[in-house]
Structures are given as structure tokens and as C-alpha cells.
Amino acid sequence: MRILALDIATQTGIAVGDSGSQPRAWSISLGEAPDRGRLSKDAKAALDGRRFSNALKMTQGLIEHHSPDLIVVEAAIGGAKASHYLIGLVACVRGCAANRGVTCKPANLSTVRKHFLGRAISVNDFPYLKSKDAKKKAIKREVLKRCELLKWDVDGDDDAADACAIWDWACAEFARGYQAQPGGDLFRAHG
């Protein structure tokens, strides 16, 4: 089963491959994300529109080039505080997949992390870091370390590493006979 996994955001991580193989991973920008505080509402809407268009084009191109059997995209989370922009990006991917006849499933990030890292690491696991951004980067470093231990070529790209984690979870969840690598401390980098 060929799976395409997307860590969808302005900088989108992409992983694709057949279950049982190693994923090919990279990331691409869907467009500039300037200081939104300085822009008018109309200018913000125009930027989002261009990035939504780029998400549609990206998804269509990935489907045409890789012919996936399944697309798995990181689900937008946050309840009432969820980012409308991220919800829009996910909708673009799901809509394009539906138009092309490709099944598309959302992936809950905490479920993916629990599968890939052995537990659902969150910002609460890094109380010694001051900012939420630093805590999110620390989580991304853990995912990146795991990919490196598996010798998956992510070239230090944490967005590509997140896509690989989603890809591995999707293989374990949806591909018959896929045996995921053991998680947890056995494969964690120390030091």
C-alpha cells in the first residue's frame, strides 16, 4: 500500500512510500507567512487564499506523481481555539483527494506521537523550557531523533520528520501486514 502523509502547515512536511519500505520525505512552503499583525483583513485573506490554492496544487501534484492508495493528513486540533487557517489547509487536502478518488484520513497528533515515540509527548514534558514555541521545537527534535535512529533520510528537517511519523502510524493502522519498529526508550537517542 502506498501512503502519502502530510504534516500540513505553511511549511508542509511530506512523506510517501509503500508500507514495508522506507519513506521518502521532504518539506515545502505553501507561501510566505509575513507578520500578520501588520496586514489588513483583506491582505490576510488574500495570503491565505494563495496558500490554500498552493495546498490544492501540491496535493494534486503529489497524487499525480506518487499515485497513493491513501493520504493521511495531520488533523487540525484545538477545539474552539483551532486555527481556521489549518482547518482550511486540511479541507483543501481532503477535498482534492476526494476529487481524485483517493481515500484521505485525518491523524491525531497525540496518537501518532504515542505510536512513533512510545508515548504521547506534549509541551508538559518540557517544564524547564520557558516558551510554548521552545517546547514544540523540543517535541519536534524527539521525532527527528527517532527518524534518524531508523536511518530515514529527513536531512534534519523536522517537518519531514513529523510527516514520517504520520506515515509510520498510517502504515501500522491501515496497511495489512505492516510491522512498525518498536517504540519507546529502546530506540530513543540518549545524551
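User: Where in the chain is the place of Lys151?
Analyst: Lys151 sits in the loop between H4 and H5. Helices (H or I, at least four residues) and strands (E, at least two) are DSSP runs numbered from the N terminus. The model is a predicted one, in which local features need pLDDT of at least 70 and side-chain atom pairs count only at pLDDT 80 or more, whereas totals for chains, interfaces and linings use all residues. Residues are numbered from 1 along each chain as its sequence is written, and side-chain values use heavy atoms, without hydrogens and water.

User: What is the phi of Lys151?
Analyst: Lys151 is not a glycine, yet its phi is positive, at about 65°.

User: Is Lys151 buried or exposed?
Analyst: Lys151 is exposed, with a relative accessible area of 67%. Buried means under 20% relative accessible area, exposed over 50% and partly exposed in between (1.4 Å probe, protein chains only).

User: And what about Asp155, where is that one found?
Analyst: Asp155 is found in the loop between H4 and H5. The phi of Asp155 is positive, near 50°, in a residue other than glycine. With a relative accessible area of 74%, Asp155 is exposed.

User: How do the axes of H4 and H5 cross?
Analyst: The axes of H4 and helix H5, which spans residues 158-174, come within 9 Å and cross at roughly 70°. Axes are lines fitted to C-alpha atoms, for helices over the stretch in contact, with angles from 0 to 180 degrees between N-to-C directions.

User: Which residues in H4 and H5 meet there?
Analyst: From H4, Lys140, Val143, Leu144 and Cys147 take part. In H5, they meet Asp158, Asp159, Ala161, Asp162, Cys164 and Ala165. Contact means heavy atoms within 4.5 Å.

User: Let us stay with Asp162; is that residue buried or exposed?
Analyst: Asp162, which lies in helix H5, counts as buried at 10% relative accessibility.

User: What does Asp162 touch?
Analyst: Leaving aside residues up to four places away in sequence, Asp162 touches Asp7, Lys140 and Val143.

User: Moving to H3, at what angle does H3 pack with H4?
Analyst: Helix H3 (residues 109-117) packs with helix H4 (residues 132-149) at an angle of about 40°, and their axes are 11 Å apart. The contact involves Arg113, Phe116 and Leu117 of H3. On the side of H4, the contact is made by Ile139, Glu142, Val143, Arg146 and Cys147.

User: How many aromatic pairs does a search of the whole structure find?
Analyst: The search finds five aromatic pairs. Rings of Phe, Tyr and Trp (its six-membered ring) pair if their centres lie within 6.5 Å; planes under 30 degrees apart count as stacked, over 60 as edge-to-face and the rest as tilted. Trp169 and Phe174 form an edge-to-face pair, at 5.7 Å centre to centre and with 90° between the planes. Trp169 is buried, with a relative accessible area of 10%, while Phe174 is partly exposed at 30%.

User: Which residues do ring pairs link into a cluster?
Analyst: Phe116, Trp152 and Trp167 are linked into a cluster by ring pairs. Phe116 also belongs to the contact of H3 with H4.

User: Last topic: what pattern does the protein chain follow?
Analyst: Along the sequence, the pattern is β-β-β-α-β-α-β-α-α-α, with five helices and five strands in the protein chain. Of its 191 residues, 43% count as buried. Among contacts between residues at least 6 apart in sequence, 61% join residues at least 24 apart.
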